[in-house]
Amino acid sequence: MFAFQSAQTIQQPPPLFSKHLERTAARGSSRPRLCSCTLNPTISTSTTTADKNHVIQRLCKKGELRRALRLLSQEPDPTQRTYELLILSCAHQVSLSDGLHVHRHLLENGFDQDPFLATKLINMYSELDAIDNARKVFEETGNRTIYVWNALFRALTLAGHGNEVIDLYRRMNRVGIPSDRFTYTFVLKACVAAECVVWLLKKGREIHAHILRHGYEGHVHIMTTLVDMYARFGCVKCAGIVFGEMPQKNVVSWSAMIACYAKNGMPFEALELFREMMLMTHDLLPNSVTMVSVLQACAALAAFEQGRLIHGYVLRRGLDSILPVISSLVTMYARCGRLDRAQQVFDKMDERDVVSWNSLISSYGVHGFGEKAIQVFNEMIISGISPSPISFISVLGACSHAGLVEDGKMVFDSMVREHRIFPSVEHYACMVDLLGRANRLDEAAKIIEEMRIEPGPKVWGSLLGSCRIHCNVELAERASARLFELEPTNAGNYVLLADIYVEAKMWDEVRRVKKLLEARRLQKVSGRSWIEVKRKIYTFASVDELNPQIEQLHALLLKLSMELKEEGYVPQTGIVHYELDLVEKERILLGHSEKLAVAFGLINSTKGETIRITKNLRLCEDCHSLTKFISKYTKREILVRDVNRFHYFKDGVCSCRDYW
């Protein structure tokens, strides 16, 4: 399988790499070289060469690396197997200095061009986070077998250098080295790990074609990685085709496709596929990765009853000790409107990592409890857990939803000063949103001007959204101009600008933006809402004629609208951009998906039961207003989670205090 090379003459290592090893050794550890230590008296110095090699190998297997290295200094002819076990021991004991010493010894004994040991060295340096050393081993190896290439592909992918892997893969193809099944897996994983750019998707499709041409479509690991790759780029349809055509599937394959749906805004499909998995594959048991994706889907749909069932399954399977699963449970309960349950799950955790804390912080944030989110953030730091970049995104988002501007500014300033975390685009977007919602738009614009990195669509999008709230036409035009350049196909930016022009009664500009939408053949994302009733999930669209109760829903909404007008409800017809009479505009408003979901909940849920609804877009002003009146008129609690936050309606009041 491998071409081994015996060490007949002692060669000097290449001077460039020898110096590199010396520099790395100097940086890597201050420990004395173990080869200079006295031999253990229990090991005879008269041991034959074969016996010494066997003793060194036996010591490595027993985890006694120090003793093995002492004996190595007395062995004039170490074998390939001896070096292999020494390299593996250095990786296992996480000792870079010892690894460098073994590497130097290996070079001095003529194994510098052994491709098998080169592979082991690359793997060792990868595990020891010394990727530069791994690169040097590769470059100094003349006889690069496919195993050497694969080792470097794996090392670079694990280190997050996906783009470099793609370049090396091209180089390998040019020199005529044929790929094997491991090559395809590593290179596809590199596409997933690399920065998300269009040319990587194109490269992924090319690799897919290579796989089919060379007959590797029957390998479950390769095809599962293909599903991951397409999911990474949002190509759900392609991922589904690959998954559907797989001749055999394992739990990893099913989990990959469920995760693809869950992470690409298709939670309903994720739960359906999980149900299919449970019914069709009696010999496959979902693992912790599967359950994380399923819980994420429940959270996205606010499917509380489904989530409770999944929680029970997690407990029965003994998966409740796995941190990612428990963190997902915290998020699921919070996204279903049950902060009390989320806190209970968190309190029962035996150990917590930063992800667990982040889950709780963001949970309080989306519910509008900014001060509580800050309190949890501080408790995390006191407990000895260092905040991650996501921790700051969570707490800044919480400050934004609660209008805690000064607290948010203090948290933002502490990132570099106290935690040495430099703000990313996401953090700046949070700050722009925080200031913009509070109508401090000039400060928000100043932050953008002073950014040391390119603002990008997230930052400009936050500014445009704030301009929509406060009808600032000047800044909106500035933000939208940049967004039209950065995201020319995002219809949402055009719609937001049109909304601002409508509120400012700039009708000519409204028509101009509409013409831009039509000319570029862009369509606004349709509003959709979900509701769970008796453990079943129902979905509603703004134009929904398929529901068997649709006439009953429209009739109830019309009746409620007429009665609530007498209580003070005024339809917000200004948000309808069509040139229609008031009656027709009111009819369109009553057809919004969240209103249909509310009506469905009123008809089909039991009295006193909280109505839980999820919406894929921001809650419109009219739906927000009408739902407040409905909650008071029907004496029902209604929980609506839109794309930004929770709205808890009770007795005619919303938890957001109209700050959203």
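Trainee: What stands opposite Ile-638 in E4?

Mentor: Ile-611 stands opposite Ile-638. Strands E3 (residues 611-615) and E4 (residues 638-641) pair in the parallel sense. The model is predicted, so local features need pLDDT of at least 70 and side-chain atom pairs count only at pLDDT 80 or more, while totals for chains, interfaces and linings use all residues. Residues are numbered from 1 along each chain as its sequence is written, and side-chain values use heavy atoms, with hydrogens and water left out.

Trainee: What makes E3 and E4 a pair?

Mentor: Strands are DSSP runs of E with at least two residues, and helices are runs of H or I with at least four, numbered from the N terminus. Two strands pair if DSSP finds at least two bridges between them. E3 and E4 have 4 bridges, so they pair under that rule. E3 also has 3 bridges to strand E1 (residues 528-533), which runs antiparallel to E3. There, Trp-530 faces Thr-614.

Trainee: Why is the unit of E3, helix H33 and E4 called right-handed?

Mentor: The term applies if, with the strands pointing away from the viewer, the path from the first strand over the helix to the second runs clockwise. E3, H33 (residues 621-634) and E4 form a β-α-β unit of that hand.

Trainee: What makes E3 mostly covered?

Mentor: Buried means under 20% relative accessible area, exposed over 50%, and partly exposed in between, using a 1.4 Å probe and protein chains only. In E3, 5 of 5 residues are buried. One side carries Ile-611, Ile-613 and Lys-615, the other Arg-612 and Thr-614.

Trainee: How do you know that the charged end of Arg-612 sits over the ring of Phe-304?

Mentor: The rule asks for NZ of Lys or CZ of Arg within 6 Å of the ring centre and within 35 degrees of the ring normal. Arg-612 is 4.9 Å from the centre of the Phe-304 ring and sits over it. Arg-352 likewise lies over the face of Phe-346, at 4.3 Å.

Trainee: Why is the pair of Tyr-83 and Phe-111 called edge-to-face?

Mentor: Rings of Phe, Tyr and Trp (its six-membered ring) pair if their centres lie within 6.5 Å; planes under 30 degrees apart count as stacked, over 60 as edge-to-face and the rest as tilted. By this rule there are 14 aromatic pairs. Tyr-83 and Phe-111 have centres 5.3 Å apart and planes at 65°, so the pair is edge-to-face. Tyr-83 lies in helix H4 (residues 80-92) and Phe-111 in the loop between H5 and H6, 28 residues apart.

Trainee: What makes the pair of Trp-149 and Phe-153 tilted?

Mentor: Their planes stand at 45° with the centres 6.1 Å apart, so the pair is tilted. Both residues belong to helix H8 (residues 146-158), 4 residues apart. At 2%, Trp-149 is buried, and Phe-153 is buried at 0%. Ring pairs join Phe-138, Trp-149, Phe-153 and Tyr-169 into a cluster.

Trainee: Why is H5 described as largely enclosed?

Mentor: 11 of the 13 residues of H5 are buried, so the rest of the structure largely encloses this helix.

Trainee: What span is expected of H5?

Mentor: The expected span is 1.5 Å times one less than the number of residues. For H5 the expected value is 18 Å, and the helix reaches 18 Å from its first C-alpha to its last.
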